[in-house]
Amino acid sequence: MSSTTYVIRHAQVLGGEPADLVLRDGVIAEVTAGGAASADGATEIDATGLVALPGLVDLHTHLREPGREDAETVESGSRAAAAGGFTAVFAMANTDPVADTAGTVEQVWRLGHEAGLVDVQPVGAVTLGLGGQQLAELGAMATSAAQVRVFSDDGKCVHDAVIMRRALEYVKAFDGVVAQHAQEPRLT
Amino acid sequence: MNEGALSGVLGLRGWPAVAEEAIIARDVLLAEHVGSRLHVCHVSTAGSVEIIRTAKARGVDVTAEVTPHHLLLTEESVTSYDPVFKVNPPLRSDSDVQALRAGLADGTIDAVATDHAPHPVEDKDCEWDAAAMGMLGLETALGVVAEAMVETGLLDWAGVADRMSYRPARIGRLEGQGRPIAVGEPANLVLVDPARPSTVDAHALQSRSHNTPYAGRTLPVSVVATFLRGRATVLDGAVVDTASLQGAAVGA
């Protein structure tokens, strides 16, 4: 971890009155009236006129790795996310191979950790290979190091009503959620 | 593209609103029947907003997201036949955009999610039918939301924090993210300059791809700094060198 302590001066927290924020050891150590925070040894940032928001969280990102590293990698996508103000992104499962096993979601999770710019939280596929026919091992992904809680065949719709029902039932066991790409394939 | 009068004029295959709405209607009923949790990706039509609003009123455990591009762009962009505007679900009508904004403002739609979809140039610089679907979103999301929601008075910054941080983290059960700015909380922060517009340069983005629909467009705000658990990942608008970050991580 970085040992840098930051004092952010006169930031408008959520657009409100100016305040000083002290960031130390990974947490917000102080929130005081603008100009009032103590600053011994800290790096000062003048945030006069700036709005402070909690780090943005994107539920729906395609990082393309593994498989299409010519389009994006976990590292380049993490840079894009940080530049956009994000501190966490959920990486969709339609990679090659598809993120439908504990091994693949752990690989993406580990690549995100190594890039170190945002928390990369893998999304697991609902069905094997996004094929829509057979449920993937949702439980194994949930108990993996990546602790997957969001499952989606995004890019494709879980169009079979029985498969969708079983997926909804399955994710209840670990407080997961099915994120549906809603597109009836017979109508498009 | 969106099925309607314009798709007929342009001679492009239509993707009708009902194809989205029929699945959402079925799925909220399934989620209610089994007592489970459903999240709807990239809601794009006024009818979808209405179905989700009704389901929430019935007590169904459903959440939904909208993309920045569906909050700002319409099917009119497709008259250029430029595949940078080809996306799934397609850009819809202005009345859909207004309904999506209203749904995000009143909380029917819980979150903004980018559907950031990078594609190499050979998959986008080609005729419409052959082109891949999707557009970049991560680096422009906040600016688009500022234009579509903040400048219009539909959301204040607290509302932006709710729809782009608190709620998405909670939907994904991501601990340590989407927390309030308060003593003792993880130092995950972004500093935004609300008075410094930024013009999008497709070739200056951090993404490895360039397929942004906002190239040359000026968005009303700029990201100045980002902090992940107290470490600066962006300072003065520039990404902090990752090599030094990795060195710090190894030393930890």
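## A cis proline in a chain A loop

A:P66 sits in the loop of chain A that runs between strand 6 (56-61) and helix 1 (74-83); helices (H or I, at least four residues) and strands (E, at least two) are DSSP runs, numbered from the N terminus. The peptide bond joining A:E65 and A:P66 is cis, with omega at about 5°.

This is a predicted model, where local features need pLDDT of at least 70, side-chain atom pairs count only at pLDDT 80 or more, and totals for chains, interfaces and linings use all residues. Residues are numbered from 1 along each chain as its sequence is written, chains are lettered from A and ligands numbered from 1 in the order in which they are written, and side-chain values use heavy atoms, leaving out hydrogens and water.

## Another cis bond, in chain B

Chain B has a cis peptide bond too, between B:N88 and B:P89, with omega at about -5°. Look for B:P89 in the loop between helix 4 (68-72) and helix 5 (94-106) of chain B.

## Where the helices meet

Helix 4 (residues 161-171) of chain A packs against helix 2 (residues 17-34) of chain B at an angle of about 45°, their axes 10 Å apart. Axes here are lines fitted to C-alpha atoms, for helices over the stretch in contact, and angles run from 0 to 180 degrees between N-to-C directions.

On the chain A side, the touching residues of helix 4 are A:A161, A:M164, A:R165, A:L168 and A:E169; helix 2 of chain B brings B:R26, B:D27, B:L30, B:A31, B:H33 and B:V34. Contact means heavy atoms within 4.5 Å.

B:L38 belongs to strand 1 (residues 38-40) of chain B. With 0% relative accessibility, B:L38 counts as buried (under 20% relative accessible area; exposed is over 50%, partly exposed in between, with a 1.4 Å probe and protein chains only).

Setting aside residues up to four places away in sequence, B:L38 touches residues including A:M164, A:L168, B:D27 and B:A31. B:D27 is 11 residues from B:L38 in sequence and 7.6 Å away in space, C-alpha to C-alpha.

## Cysteines without a bond

The disulfide count over all chains is zero, a disulfide being a pair of cysteine sulfur atoms within 2.5 Å. The sulfur of A:C157 has its closest cysteine sulfur in B:C41, 9.9 Å away, so the gap is too far for a bond. A:C157 is buried at 8% relative accessibility, and B:C41 is buried at 2%.
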